[in-house]
Amino acid sequence: MAVEGWIPLGASVRGAQHVRSEKPNQDALRWAPHPTSDGGAVVPPLSLCVSDGHGSPHSFRSDAGSRFAVEVATNVLHRFLQKNEESSLIAVKRLAEETIPNRIVREWQVAVDRDLYRRPISEKERELAAATPSDDPHEASPGPGADGPGETEADTIRRAYGATLLATAISSRYILHVQVGDGDILLVSQKGEVGRAFSEDEVMPGEGTRSLCAPRAWDHFRVSFAPLEEDALGMVALSTDGLSKSFPKEADFRGSVLGIYEEIRRTSSLAVGEKLPKTLDDATRMGSGDDITLGLVVRASTVDPGARLQHGAGPALAPASFPATPGGSR
Amino acid sequence: MIRPVAARPLHFIWIVDCSGSMQEEGKIQSVNTAIRDAVPLMQQTADENPNARVVVRAITFATKARWHIEKPVPISDFLWTDVKAGGVSDLGDALRLLGAALKTPPMEERALPPVLVLLSDGQPTDDYKEAIAELLSIPWGNRAVRVGIAIGRDVDLDVLEEFIANPSMRPLQSNNPDALVRNIQWASTAVLKAVSAPASQASIGGQATVAVPVPSPVLASPNNSSSDAVW
């Protein structure tokens, strides 16, 4: 049986609030492998990862944290897919749940520690990271160790890199979704139904979210596994919470994601990919004000063959959003 | 391609003690003046944060509680109408009224954390503990940034701390009109600004709140006060 291809595309824009405050985009987006040069479909194994750096005063290096998150996650997932391409589906499900979160967290911590070695935290940054509520001029949230069981000094420093993670990994036989923290993974069927890979995050006080930087962060991961069925899934959409927060209601958010899928089917992924940065920019300006990242993988067989012929030369990625680096990262 | 998006609403709610003791030493008039003077600053803060749609309401409580301004008013249109004092201090009733307003519906599915500012000069005369527990059990009540402003030295600060329910934030003590003005301005601008543009916070151990700047200490200094009142 021929292996089905998937078309990756997406964009990431700096939030309107960050433009005003002159802060960088805290989000990151990455695919593996790199899309083909003619913009055609990519054959599995493939993975798509999105991350949202917290951007709070305690997380002053979270733009780096999100970049490390997508790099590490694509590597871990790609290795997992390659190693378990022929394994029984029951075994793959169990292995995914038991090993992926731990591996991602550990490798993320290594990436963070490596960065700390190259760029030691300054004294001022250290004070910021360790500040308690009574003496931190920037925050009124609980300080390190105040309510985090087992939090070490290393955890406290790593909070500077705090970020969420959303990931989808596709083999020829199954699909995995992984999530820690806020953000949304939506599944669009070829019939136009939109569902979530996971229920919306538990209600957190204020703007709290689960994070890669938390002690035992692997305990807070969610992992979903499903066999790939023909004629079912049409598109997977991973987005940071800046996008969903730009809509008054969940139904509006889902409807917009469906609208993107329908437009890809009606025109082409290349055409939609070129419009995405402006679309997301409009959303942040008129909506949440937050950084917005949207990563998509579209089942190639559901795209109109006439539309596929329009891809032509050039990558399927929105070239305005991404530098041409290996791995297709932002 | 994407349906119309919208700035998220930010509900700002004043909860004002209008019990009889607030008539003494001009306290209620100081509250009226301070809130009215804070409105232009709130409007300026809102203008600087266009991704938040600030709407304002107010509850007063004395013998029973009632909505002073029930329908959320866009900050650009908000005008403060003076409140009067008289009666006991039914804080619990006020919090139940507040809780009903924070359920979804009528609250929107997606909104910024509400800001709830409680001003009081004394001790509740009804069962407020259960009302606080109910408020915190409502998702938007729990996610709200709750500020407590103590007017005078007779305030039961434990009550305000129970309302705030955040060990990192203390009640703001106001022992004279100038201190009250400063505290109300802080609640209505610095807190509003922080909630309008919140950054995500890593939830460690299950707690995370909006990062708001800690206010400068308000010293009770009658010699420096523009008013002779010391509460």
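Ile185(A) stands opposite Leu238(A) in β10(A). This is a predicted model, in which local features need pLDDT of at least 70 and side-chain atom pairs count only at pLDDT 80 or more, while totals for chains, interfaces and linings use all residues. Residues are numbered from 1 along each chain as its sequence is written, chains are lettered from A and ligands numbered from 1 in the order in which they are written, and side-chain values use heavy atoms, with hydrogens and water left out.

Colleague: Which strand of chain A is joined to β10(A) by six bridges?
Modeller: Strands here are DSSP runs of E of at least two residues, and helices are runs of H or I of at least four, numbered from the N terminus. Two strands pair if DSSP finds at least two bridges between them. The partner runs antiparallel to β10(A) and spans residues 184–189; the strand is β6 of chain A.

Colleague: Which residue of β11(A) stands opposite Ala237(A)?
Modeller: β10(A) also pairs in the antiparallel sense with β11 (residues 292–299) of chain A, over five bridges. Within β11(A), the residue opposite Ala237(A) is Leu296(A).

Colleague: How many residues of strand β10 of chain A are buried?
Modeller: Buried means under 20% relative accessible area, exposed over 50%, and partly exposed in between, with a 1.4 Å probe and protein chains only. In chain A, buried residues make up 60% of the 330 residues. Strand β10 (residues 233–239) is largely enclosed by the rest of the structure, because its buried residues number seven of the seven.

Colleague: Which backbone oxygen does the side chain of Asn51(B) reach?
Modeller: Asn51(B) lies in the loop between α1 (27–48) and β2 (52–62) of chain B, and is buried, with a relative accessible area of 2%. Contact means heavy atoms within 4.5 Å; Asn51(B) touches residues including Arg20(A), Met286(A) and Leu112(B). At 2.9 Å, its side chain reaches the backbone oxygen of Thr284(A).

Notes. Polar contact = N/O pair within 3.5 Å; in protein donor to acceptor, adjacent residues only side chain to side chain. Lists of a residue's contacts leave out its neighbours within four places in sequence.
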